Amino acid sequence: MNARILVADPKKCTGCGMCEIACSIKQTGMSSPARSRIRIIPWGDNMRYLPITCQQCEDAPCVAVCPKEALEHDHKLHRVAIDYKKCISCRMCVAVCPYGAMGFEADKGRIFKCDQCGGEPECIHWCAPGALTYVDTVADNLRRIRATARRMIPHKIV
Amino acid sequence: MSYFQVNDQCNGCLACVQNCPANALQAIDQGPARTLQHNMTRCARCGNCWRICPQDAIEFQYLLRNKWDDVVKLQLDRCEVCGETLYTLAYGQGLASKLPTALKPLCAKHKAGPELLAQTHFPTKASSAKGENT
């Protein structure tokens, strides 16, 4: 079986914030959207929302800057994982993530990021409009290739 | 920085130097002057010098002060958009040296990633019109 990845579709997102609550309860035991590994950003004036979580980058900036090699891209599970035994909480990954997907819990003094709940993402079960899906990486790559191709081809032909 | 202070009652008898159990005090006689020196790293703040001083010259209260010393002062990098404090300039330069692309000082709210996602999923009219023409 191929690795799976959490995919968020902003076109379907209604901005209800259930994923943030579900995530924080599953990950920290308290209902606190600030500690959620997924964030909803209201975008523009047209009631648009961007659900943002770790993109599990192949060539991740967080992995590149980590001075203690505490972050590593796990190619088998297709995700960037934190090794808390190595992490020194310097927050370089937090500063460098282009999506702002890496967070820092001040009271615990440690960083956090989406780990896709170890293969069972909680947020997807709470997303009423179905904007969050946990899909096969190969299938998702094909979907992305098709979507990009559709954008490249003039609309009159397709 | 001076935690160990003596007032003008001190006559340089060096009783404190003799009785310091931690060897945190020493005196140097050079030329016409005698200099009393104190080493804060060795000092255990036991108060023996203060107890022993025949002149009541040692101002021990300064050794018990809760005082912060400035260690280093560094320039800060702030978010280009909102001015939120991010990190120091040196920290930012260290990050940039490890990345293949340039790093703009931006806070979590104004990072480039969400903008990129928005452009992909909600193309503006200008960009879609451009797509039609090409």
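## Sequence range of contacts in chain B

Of the contacts in chain B that link residues at least 6 apart in sequence, 50% connect residues at least 24 apart; two residues are in contact when their C-beta atoms, placed from the backbone, lie within 7 Å. The model is a predicted one, in which local features need pLDDT of at least 70 and side-chain atom pairs count only at pLDDT 80 or more, whereas totals for chains, interfaces and linings use all residues. Residues are numbered from 1 along each chain as its sequence is written, while chains are lettered from A and ligands numbered from 1 in the order in which they are written.

## Fold and extent of chain B

Chain B contains 5 helices and 6 strands, where helices (H or I, at least four residues) and strands (E, at least two) are DSSP runs numbered from the N terminus. Their order along the sequence is β-α-β-β-α-β-β-β-α-α-α. The radius of gyration, taken over C-alpha atoms, is 31 Å for chain B, well over the 14 Å that the globule rule gives for 134 residues, so the chain is more spread out than a compact globule. That rule is 2.2 Å times the number of residues to the power 0.38.

The C-alpha trace of chain B spans about 95 × 30 × 25 Å along its principal axes. Buried residues account for 11% of the 134 residues in chain B. A residue is buried if 20 or more other C-beta atoms lie within 10 Å of its own, exposed if 12 or fewer, and partly exposed in between, with C-beta atoms placed from the backbone.

Val81(B) is located in the loop between β5 (76–78) and β6 of chain B. This residue is partly exposed, with 13 other C-beta atoms within 10 Å. Leaving aside neighbours within four places in sequence, Val81(B) is in contact with Leu106(B) and His110(B). Between Val81(B) and Gln5(B), which are 76 residues apart along the chain, the C-alpha separation is 49 Å.

## Interface between the chains

The interface brings 18 residues of chain B into contact with 19 residues of chain A. On the chain B side, the elements that give two or more residues are β6 (85–88), α3 (89–98), α4 (112–121) and α5 (125–133). The largest share of that side, 6 residues, is supplied by α4(B).

By class, the side of chain B that touches chain A holds 11 nonpolar, 4 polar and 3 charged residues. In this classification Ala, Val, Leu, Ile, Met, Phe, Trp, Tyr, Cys and Pro count as nonpolar, Asp, Glu, Lys and Arg as charged, and the others, Gly among them, as polar.

## Domains and local features of chain A

Chain A is assigned domain 1 (1–53 + 114–158) and domain 2 (56–113), and the C-alpha centres of these domains lie 20 Å apart. Their contact takes 10 residues from domain 1 of chain A and 11 residues from domain 2 of chain A. On the domain 1 side, the residues divide into 4 nonpolar, 3 polar and 3 charged.

Helix α5 (residues 137–152) of chain A has 16 residues and reaches 22 Å from its first C-alpha to its last, close to the expected 22 Å; the expected span is 1.5 Å times one less than the number of residues. Of the 16 residues of α5(A), the number buried is 0, so this helix lies largely in the open.

Gln56(A), in the loop between β3 (48–52) and α2 (61–65) of chain A, has a positive phi near 50 degrees although it is a residue other than glycine. Gln56(A) is buried, with 22 other C-beta atoms within 10 Å. Arg91(A), which is not a glycine, also has a positive phi, of about 65 degrees; with 16 C-beta neighbours inside 10 Å, Arg91(A) counts as partly exposed.

## Nonpolar cores

A nonpolar core is a set of buried Ala, Val, Leu, Ile, Met, Phe, Trp, Tyr and Cys residues joined through C-beta atoms within 7 Å. The largest has 38 residues, and those with the most contacts inside it are Cys62(A), Cys93(A), Val96(A), Cys97(A), Cys123(A) and Leu132(A). The largest share of this core, 5 residues, comes from α3(A). At least three residues are drawn from each of domain 1 and domain 2 of chain A.

Not counting residues up to four places away in sequence, Cys123(A) touches Cys19(A), Ala22(A), Cys23(A), Ile38(A) and Leu132(A). Another core, of 7 residues, lies apart from the largest one and includes Cys16(B), Cys20(B), Ala24(B) and Leu25(B).

Definitions and conventions. Domains from an automatic or database assignment.
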